[in-house]
Amino acid sequence: MQDPWTRFGTLEPDETYLVLASSIPARRYAATPAIFRGSRAVKRQLAQTPGVKGFSLLARPLRKRYASLSEWSGENALATFVASEPHRYLMERLGPQMAPTTFVRWTIRGGDGRPRWREALRRLEAAEQGEVTSTS
């Protein structure tokens with residue numbers, strides 16, 4: 001299941017934006033209900049977070065794989081979101097139920113359009129295999 005891309009505001013064609021993709025594997029199927037409840041809370045948080053430009057979530061519960069793709073005005077906006085509730089609480093609460101998370105970051109120009117899942121999954125797979133990926 002893939003959420004559609006949710007856009008906030010407009011992008012400036014010549015501005016650079018930070019993209020973050022995360023791969024969040026669950027250790028057990030039993031974590032699925034808590035992950036889905038948490039994702040709803042995080043979506044509400046994102047809708048009220050300054051600096052977020054867009055996001056999408058991906059859920060593959062039969063594989064115990066979850067992922068996020070988001071676009072930000074910059075590192076400070078992302079850091080503020082991560083340290084705020086409910087995201088911070090969910091990381092603490094769900095942490096023991098999750099296998100190690102993989103994160104990849106890169107930048108795009110506003111004129112390039114939104115980040116794409118195909119690119120995000122390619123970068124995440126490369127990072128999980130220990131390959132170096134480009135940051136831009």
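In helix α2, residues Ala 77, Leu 78 and Phe 81 are buried, where buried means under 20% relative accessible area, exposed over 50% and partly exposed in between (1.4 Å probe, protein chains only). The structure is a predicted model, in which local features need pLDDT of at least 70 and side-chain atom pairs count only at pLDDT 80 or more, whereas totals for chains, interfaces and linings use all residues. Residues are numbered from 1 along each chain as its sequence is written, and side-chain values use heavy atoms, with hydrogens and water left out. Helices (H or I, at least four residues) and strands (E, at least two) are DSSP runs, numbered from the N terminus.

The buried residues of α2 fall within an arc of 100 degrees when seen down the helix axis, so they line one face of the helix; the arc is that of the directions from the helix axis to the C-beta atoms. Exposed residues Asn 76 and Ala 83 are carried by the face of α2 turned away from its buried side. The partners against which the buried residues of α2 pack are β2 (16–25), α1 (32–47), β4 (65–72), α3 and β5 (102–109), with contact meaning heavy atoms within 4.5 Å.

Two packed helices are described by the angle between their axes and the distance between the axes. For helix α2 (residues 75–83) and helix α3 (residues 87–94), the axes come within 5 Å and cross at roughly 60 degrees. The helix α2 is therefore oblique to α3. Axes are lines fitted to C-alpha atoms, for helices over the stretch in contact, and angles run from 0 to 180 degrees between N-to-C directions; those under 35 degrees count as roughly parallel, over 145 as roughly antiparallel, 65 to 115 as roughly perpendicular and the rest as oblique. Phe 81, Val 82 and Ala 83 of α2 make the contact with His 87, Arg 88 and Met 91 of α3.

In α3, the buried residues are His 87, Leu 90 and Leu 94. These cover an arc of only 60 degrees around the axis, which puts them on the same side of α3. Their cover includes α1 and α2. The loop between α2 and α3 holds Pro 86, and the peptide bond from Glu 85 to Pro 86 is cis, with omega near 5 degrees.

Ser 68 lies in strand β4 and is buried, with a relative accessible area of 17%. Its side chain makes a polar contact with the side chain of Ser 22 (2.4 Å); a polar contact is a pair of N or O atoms within 3.5 Å, and within protein one must be able to donate a hydrogen and the other to accept it, while residues adjacent in sequence count only if both atoms are side-chain atoms. Thr 32, in helix α1, is likewise buried, at 15% relative accessibility.

The loop between β3 (52–60) and β4 contains Lys 64, whose phi is near 60 degrees, a positive value in a residue other than glycine. Lys 64 counts as partly exposed at 24% relative accessibility. Arg 28, in the loop between β2 and α1, counts as exposed at 53% relative accessibility. Leaving aside neighbours within four places in sequence, Arg 28 is in contact with Lys 64 and Gln 97.
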